[in-house]
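Trainee: I am new to this structure and would like to learn how to read its features. Could we go through them together?

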Amino acid sequence: MDSAGDVQGPLSLNPSNGRWEDEKEKPKVVVIMGPTGSGKSRLAIDLGSRFPMEIINADSMQVYRGLDVLTNKVSLNERKGVPHHLLGTISPNLEFTAKDFRDSAIPLIDDVLSRNYIPVIVGGTNYYIQALVSPFLLDDSSEYMDDSCTHGPSGEDQLDHDLDFGRDSSKYGYDHLKDIDPVSANRIHPNNHRKISQYLNLYARSGIPPSKLLQEKTAENWGRVDNSRYNCCFICVDASLPVLDRYVEQRVDCMIEAGLLNEVFDIYSPNANYTRGLRQAIGVREFENFLGVYEESSSIDFSLNSMIKGDKTSLQNLSAVLDSFDNNQPKMLMKEAIEKMKLNTRRLVRRQKRRLSQLQALFGWSINYVDATETISCNSEDLWASEVVEPAAKIVRSFLNENAISMHDSEALNSMGQKLIQRDLWTQYTCKACGDRVLRGAHEWEQHKQGRGHRKRVSRLRKSQA
């Protein structure tokens, strides 16, 4: 049942002839963010039953057709009649960049607003959301600037040098980047081939080192009153890391049982390009070695073949079939693939949390947090309603009832901009105590030093050297 005060019909957002008469009357948009597994889609749908809303997906893998289980798309039944856009609509072989998302989402938002409904942007790909609400990240007036360099590749929330693939490749591109711009080279990982290529292309177009160009671009645009395209209400569904870690690991097991192997098997191709389209998704490349052995080995009999291609794959049955083989390799590769998928998903959670902190600390985004820790831990519908849905609904009601609420105050923008320019964002730090882990920027380095894991390792090292 809708709570008192919730809007139950189309909402008048006061546009005038399709235009906004005052800069303060920017179109109102709700943005639901958060790490994977936190419940973003669920919250958006629950809010959609209380307010006149339509959802625009901002997950860089869910935009593609296919892999519905692996990418955790909400089914038609789960949507509860709330309209969804950009969900499973893009060809899986295309590269759908943050610029593509922006160019697709803007007309959708305009259409939703024209029908006096509230657009809700929902997803964990923070670069998509950045590109949509912050024009300076994708400044159309700067044709020489490769905008994919500013916001990162479309799947950067999914792909990162931390992903455990062990891929070898030529060092030429990275070495060349070090020669022309050592600052940018220190900023990225030597195996981040797409970012290396983007930086080299940017240098070729402009003749200016990417680090200098991007810093100047930030300084030039920071503090603009029209920095935000929309009047945004940011809501982040979050939970503690231990709880999210356990949940995403359990979710991987559930995906296996729901048919993940069927989906991955259908798109498997030896030596496929895992840097474009849907194959970037965590859970595809991880099973490459297993499926390669499966395809080539004559020792894997029809029972496994029918299981992978069948309607249901339970962990218990899969384990039993794998145990029956004299050759232990399939079992080892399957176990390794599942563990690698869990590891990479946990790493994704951390990158998303880190990016959300940066958006708040460095860009001054006013993000409203709702804590889903207890409801995920206890799997409680009552806690979900009281601790997540109700606080979020209250935030949305307050947002919609305010005549003019800016994402940033102009004075705060100028002050924050100066801090951003002065902040050391480009220095690369290496933590010897944590196995030569690479940290980017002074802010991230300071956060790492304060972490419990780092302090424990330093303490052990000191004791061993005493």
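Mentor: Gladly, and let's begin with ring pairs: rings of Phe, Tyr and Trp (its six-membered ring) pair if their centres lie within 6.5 Å, and planes under 30 degrees apart count as stacked, over 60 as edge-to-face and the rest as tilted. Ring pairs link Phe-96, Phe-101 and Tyr-128 into a cluster here. Please keep in mind that this is a predicted model, where local features need pLDDT of at least 70, side-chain atom pairs count only at pLDDT 80 or more, and totals for chains, interfaces and linings use all residues. Residues are numbered from 1 along each chain as its sequence is written, and side-chain values use heavy atoms, with hydrogens and water left out.

Trainee: How many aromatic pairs does a search of the whole structure find?

Mentor: A pair of aromatic rings is described by the distance of the centres and the angle of the planes. The search of the whole structure gives three aromatic pairs. One of them is stacked: Phe-101 and Tyr-128, at 4.6 Å centre to centre with 10 degrees between the planes. Phe-101 belongs to helix α2 (residues 98-114) and Tyr-128 to helix α3 (residues 126-133), so this pair links distant parts of the chain, 27 residues apart.

Trainee: Are Phe-101 and Tyr-128 buried or exposed?

Mentor: Buried means under 20% relative accessible area, exposed over 50%, partly exposed in between (1.4 Å probe, protein chains only). Phe-101 counts as buried because its relative accessibility is 0%, and Tyr-128 is buried at 0% too.

Trainee: How are the rings of Phe-234 and Trp-365 arranged?

Mentor: Their centres are 4.5 Å apart and their planes at 20 degrees, so this pair is stacked. Helices (H or I, at least four residues) and strands (E, at least two) are DSSP runs, numbered from the N terminus. Phe-234 lies in strand β5 (residues 231-238) and Trp-365 in the loop between α14 (329-361) and β6 (367-371), so the pair ties together parts that are 131 residues apart in sequence. Phe-234 is buried at 1%, as is Trp-365 at 3%.

Trainee: Which way do the residues of β1 point?

Mentor: In a regular strand the side chains alternate between the two faces of the sheet. From β1, Lys-28, Val-30 and Ile-32 point one way, while Val-29, Val-31 and Met-33 point the other way.

Trainee: Which residue is the bridge partner of Ile-32 in β5?

Mentor: Two strands pair if DSSP finds at least two bridges between them. β1 and β5 pair in the parallel sense over six bridges, and Ile-235 is the partner of Ile-32 there.
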